[in-house]
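Please keep the sequence and the structure in view while reading.

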Amino acid sequence: MGIVFHLAWRNLWRNRRRTWLTAGAIAFSTILLVLWVPIQFGAYEIMIDASLRVFPGHAQIQRPGYQDKPKIRNAIDNAEALARSLRGSNHYTGVAARAQGFALLSSGTRSYGAQVVGVEPEYEGDTSSIPGLVKRGRYLSGIDAQEIVIGAALARNLKVKIGDEVTMLGGGKDGSVAAAILPVVGIFESGSNEMDRFFSEIPLHTFQSVFSMGHSAHTISVVAKTVEEQPELLAALRKAVKGRDDLVVLGWEQLVPGLKEGIQVDKVSGFIFYGILIAVVIFSILNTFLMSVLERTREFGLMLALGSRPKRIAGLMMLESALLTLLGLVIGVTIGGALVYWVHIVGFAYPGMEELVKQYNMPGLSRIYPQLNAFNFMLGPGTIFAATNIAAWIPILRIRKLEPVEAMRTI
Amino acid sequence: MIGTSLSLLTTLGWRNLWRHTRRTVVILFAITLGVWFMVISAGMMVGIIEQQVRDTIFNLVGHAQIHHPKFRDDPAIEHSMPPPSAALLAVLNGPAVKQWSSRIRLPAVVMSERESRGVTLVGIDPAREQGLSLIGNPVVEGRALESSDDTGIIIGRRMAEKLETRVGKRIVIMSQDKNKEVADRGFRIIGLYQADLEATETAYVFTGIKTAQKLLGMGNDISEISLITGSREGLDPLVARLREAAPDLESRSWQELEPLIVTAMKVYDNFMIIWYLIIFIAMAFGLTNTMLMAVYERTREIGLFQALGMRPRFIVGQVLVETFILLVIGIVLGNLTGWFTSDVIFAKGIDLTEFARGMESFQMSSIMYFQLEMSDLVTINLLVIGLGLVASLYPAVKAARYVPVEAITRT
């Protein structure tokens, strides 16, 4: 083995320029993938986290059918008691019951339709970032306080400021008219255009009395430590509501289906792009492998004549291509790793990104930080290593067909 | 003189290329693959952007709009404007404007028997909207609005699902009238319209402009004027004339109304140049390497040329011409396959309906079309030829520096 390794290493440097150029091509593609794959996955992570943290949570308990048709009548009885019973478990970092409805909000001069959500002020902050995003005034003070917080764009459109009263007019659960006059105590800026324009929150008990809901609510939103714990979270929730046919547990994929599909589209197109990029690199360096076999036909003939078996020569060539690829990979991973670490510290952004992202209702995405884990980091180098070596085998397979005498006669 | 030497170099280059058919085919494949990839990714990007721009313009924006100066920031009824004055009419009916229409466009709440939602009530003159905006398209169910005083209402297909209503049923529209009182009125749904994005279908309901003016007690006042011209570029002179004709109103081109899409176009443009460069570098390694090998194995021959009196710059020229032929073949093949991919294989677009909700969250429609722009093709081809020749300079100069006697004696 020692001698084969030695031979392979020396052969590599018989044509230094070619070796460096080939290793350079491999290093170049490795740098791109080592840098870009973690940034891509980091972007997904931030997108998911930001979208879910604003309001939906990682999972929700609802009545069957509520997700598709959020009717005010389709409510969970004694929702607060159910939420309270879930809070004992350490699977969740946040549990909050919510009631949701639609109402016309009017100030003295303006009226706009808006989503109204009844929340438990004490717990809402555990599942949603809105309480923390109140930029003016304060969040709701208690579960039966007569107060409302609204989005910044809605406040601007209604021309209201902290302390002004808004009139809420909607339809109650029993079909009655739901009406209330509430002072605005807080105005939030979520970074999502839609939420800032169409969203308002009031305390749950106030919601229940205005909308004739009794003790019912529509969803129980649950948050785990991280999104990755989704399977455990869903299992724990399903166990907790076992035996209750009137409830369903929905993960974030079902709550925000567009997000998951959007990421899938992006992932698929991203991988197609990487695939073609790698293919371009492979064809670009295939000539190196081709030439390193063709130009040594005479030498191989001699080795065969001296009693080397074709297998051994093929093994030598494979070792050579593996060494060459590794050389490129080491350079690529070193430079790529340094770059990705740098991005990890300073974050990644491009001009116009924040405005663009805001429009897609994905708040909090001003900078992307790469998601560093072994899979993301090694995916690129691993694929390149496999692809280049497979490419190198194509010319190597010819060695098996060589006839010693004929081979030695080639120029 | 230059002519004959060029034709000599071309013949030499062409013959040299085919001395090593296999190697030439491999590098040609790499170039073709790279160019093909640049062409289709440009086609895809332009297709996506074009569709977004077209949808945006068609989505009641038009090429330019005229509003009360405060209307865009605060679309309320008191920011309405009188119908166009004689001076403004002269510009609107002039040759630069293809079509224009005035509209009512105000926030409202729509209520069916079961649900209520916030919408934008749009009052239109149906005859003037044809070819100007999406509501000019035929309805998918029921009938279209017939006149300015049509009292029926048209809602989006998916809006009807959300409201659990259908054609023939009545819905109530509530909004604020001129005296800041809540005005409401029942409308019969006469038709359903369809748009690419669900967000559009649930955003607007349409009725006759006179019906809306009567409901809201606004006399002849309107909310906006929208117009289209022959081309969506070069609108500045027209907008300037509109401003002159109506100095107390706000006239804006679509680029000013929708700055985000202009930002997106710029981001994509920059991104594409980086993208081309990445693919190019991936092929450049192979190109340089292949030319280097070609020169290397012809060392003796080049030495002989020099000994016979060929000037070094002719040797450089020979390598450059050889590369040029290679690049031109690669580019022709790459453009042809790119054209074939986008205009023949995917002429009907790529159907991503499966991921519709994901596409929707990026505000893209679920069928993706390729669109090849001549300017992109020119950019790609010039870039590949220009940088390709630069990449082959290294082997070319190297060959020219061979010392004749040494080169000839090299085995």
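Four salt bridges are counted between chain B and chain A in this predicted model. In one salt bridge, A:Arg110 is paired with B:Glu78, and their closest N and O atoms lie 2.9 Å apart. Polar contacts also link the chains: 10 residue pairs between chain B and chain A are in polar contact, with both residues at pLDDT 80 or more.

Which elements of chain B supply the side that touches chain A? At least two residues each come from the helices α2 (21–61), α10 (259–297), α13 (356–361) and α14 (374–400), and from the strands β2 (97–111), β3 (116–124) and β6 (170–176). Among these contributors, α10(B) gives the most, with 19 residues. By residue type, the side of chain B that touches chain A consists of 31 nonpolar, 16 polar and 15 charged residues.

The contact as a whole can now be described. Chain B brings 62 residues to the contact, and chain A brings 54 residues. Between them, the two chains bury about 5100 Å², and carbon and sulfur atoms account for 68% of this area.

Methods:
Residues are numbered from 1 along each chain as its sequence is written. Chains are lettered from A and ligands numbered from 1 in the order in which they are written. This is a predicted model: local features need pLDDT of at least 70, side-chain atom pairs count only at pLDDT 80 or more; totals for chains, interfaces and linings use all residues. Side-chain values use heavy atoms; hydrogens and water are left out. Contact means heavy atoms within 4.5 Å. Buried area is the accessible area (1.4 Å probe) that two parts lose on being put together, summed over both. A salt bridge is a side-chain nitrogen of Lys or Arg within 4 Å of a carboxyl oxygen of Asp or Glu. A polar contact is a pair of N or O atoms within 3.5 Å; within protein, one must be able to donate a hydrogen and the other to accept it, and residues adjacent in sequence count only if both atoms are side-chain atoms. Helices (H or I, at least four residues) and strands (E, at least two) are DSSP runs, numbered from the N terminus. Ala, Val, Leu, Ile, Met, Phe, Trp, Tyr, Cys and Pro count as nonpolar, Asp, Glu, Lys and Arg as charged, and the others, Gly among them, as polar.
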